[in-house]
Amino acid sequence: MGKRYRRGWALRDCSFRLPAGRVCGLIGPNGAGKTTLMGLAADLLKPTTGTVRVFGAAPGTAEAGLRVAFLPQEKPLFKRFTVAETLRLGRELNPRWDQRTAERIVRSGGVPLDARAGALSGGQRTRVAFALAFGRRPDLLLLDEPGSGLDPLVRRELMSVLLAEAAEYGTTVLLSSHLLADLENSCDYLLVLAAGGIRLAGGVDEILTTHTLLTGALTGALTGTPAGRDLPPELARHTVVESRVSGRQLTALVRPDGPVAGGWRTDDPTLEEILLAYFRDSGAPPLISPGAHVGPRTAGDGTAPHPPERRVRAPGRPGRPGRPGRAR
Ligand SMILES: Nc1ncnc2c1ncn2[C@@H]1O[C@H](COP(=O)(O)OP(=O)(O)OP(=O)(O)O)[C@@H](O)[C@H]1O
């Protein structure tokens, strides 16, 4: 799928699948195409090439319209409406409306129901916009930088609301943010967009276990790689995502293809180290995990509408099952 604006391509050859039931973080540099991607899924934009499907339906169809809610960056609300009137409008426009959930989200932040939307603070407006989005009881919730402009406490609280609601209803969430810590604490799936293409797509645990950080002294001759970097020959069989030489010391983030020969020290990279490496678009081949590949669905690939095993992580408790702690 691709999207071209007048000045050029925003997304190109962008093929991936987001498995249902995941809370997915969408990251990428400014202008990478994150908002465009969400606009396509929300039917605000049409792809220039290829197709977009939401639970198998085209975004413009009535079915997809009922199942998708989009919370844009600017959190548009009618300024003259009170909070109660805003929720009433939500109820009248949406057959799946859940008044209890919407009111719970508003009340938990102490937002007065009789206050006009135009008189709310940025955080309160975001909370009402969250309530409107969740009140629709969507199966897919698209959130474009939901935490921007919020203080850390409100941001954390709203992320907890988001995770609790998503876990309770099995909502699939696609959430863009520039705050890697927020994503690390709340998402169990990640998409990295850079230069209009997918660089990384997969489950957080899978992404962590696929990468290793190597450090060591350079002793022998170096070999040129297709990406133009000079590396020790024993690393040639592995996928080197990014490497840095400082004096005679090499540090490389790799996707090892089997055991790494030589006296390299191996450490577990942090999620942030991995994401930033893909973010910088180092020229390494993208990593699209099998569950994110576009193709026919297969039993057990995690793409069923409500997978039996929910993997939403509790806020503030990132885990790394199956791997020992970092060595340094
Ligand atoms: N309405 C538009 N008309 C023309 N070009 C656009 C339009 N919207 C976005 N673009 C261009 O498409 C590219 C992707 O923009 P997009 O807003 O999707 O990126 P983003 O990843 O959301 O960026 P940011 O992190 O800054 O919000 C950019 O080069 C941008 O200039």
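This report looks at the ligand shell, the core and a sheet.

Keep in mind that this is a predicted model.

Let's start with the ligand. Its surroundings include Tyr5, Arg6, Arg7 and Ala10, and also a run of residues such as Gly31, Ala32, Gly33, Lys34, Thr35 and Thr36. By kind, the shell residues split into three nonpolar, six polar and three charged. Helix H1, residues 34–41, gives the shell its largest share, three residues.

Now for the largest nonpolar core, which holds 79 residues. Cys24, Leu142 and Leu190 are the ones that touch the most other members. With seven residues, helix H5 (residues 122–135) supplies the largest share of this core. Both domain 1 (3–206) and domain 2 (212–268) contribute at least three residues each.

Finally, trace the open sheet of seven strands. Their order is S4-S5-S6-S3-S7-S8-S15, and the pairing is mixed. In general, strands in a sheet are paired by backbone hydrogen bonds, in a parallel or antiparallel way. Which strands sit at the edges? They are S4 and S15, each pairing on one side only. Strand S15 pairs with S8 in the parallel sense, over two bridges. In one of these strands, S15, Ile288 is the bridge partner of Ala201.

| Strand | Residues |
|---|---|
| S4 | 68–71 |
| S8 | 197–203 |
| S15 | 287–288 |

Conventions: Residues are numbered from 1 along each chain as its sequence is written. This is a predicted model: local features need pLDDT of at least 70, side-chain atom pairs count only at pLDDT 80 or more; totals for chains, interfaces and linings use all residues. A residue is near a molecule or strand if its C-beta atom, placed from the backbone, lies within 6 Å of it. Helices (H or I, at least four residues) and strands (E, at least two) are DSSP runs, numbered from the N terminus. Ala, Val, Leu, Ile, Met, Phe, Trp, Tyr, Cys and Pro count as nonpolar, Asp, Glu, Lys and Arg as charged, and the others, Gly among them, as polar. A nonpolar core is a set of buried Ala, Val, Leu, Ile, Met, Phe, Trp, Tyr and Cys residues joined through C-beta atoms within 7 Å. A residue is buried if 20 or more other C-beta atoms lie within 10 Å of its own, exposed if 12 or fewer, and partly exposed in between; C-beta atoms are placed from the backbone. Domain bounds come from an automatic or database domain assignment. Two strands pair if DSSP finds at least two bridges between them.
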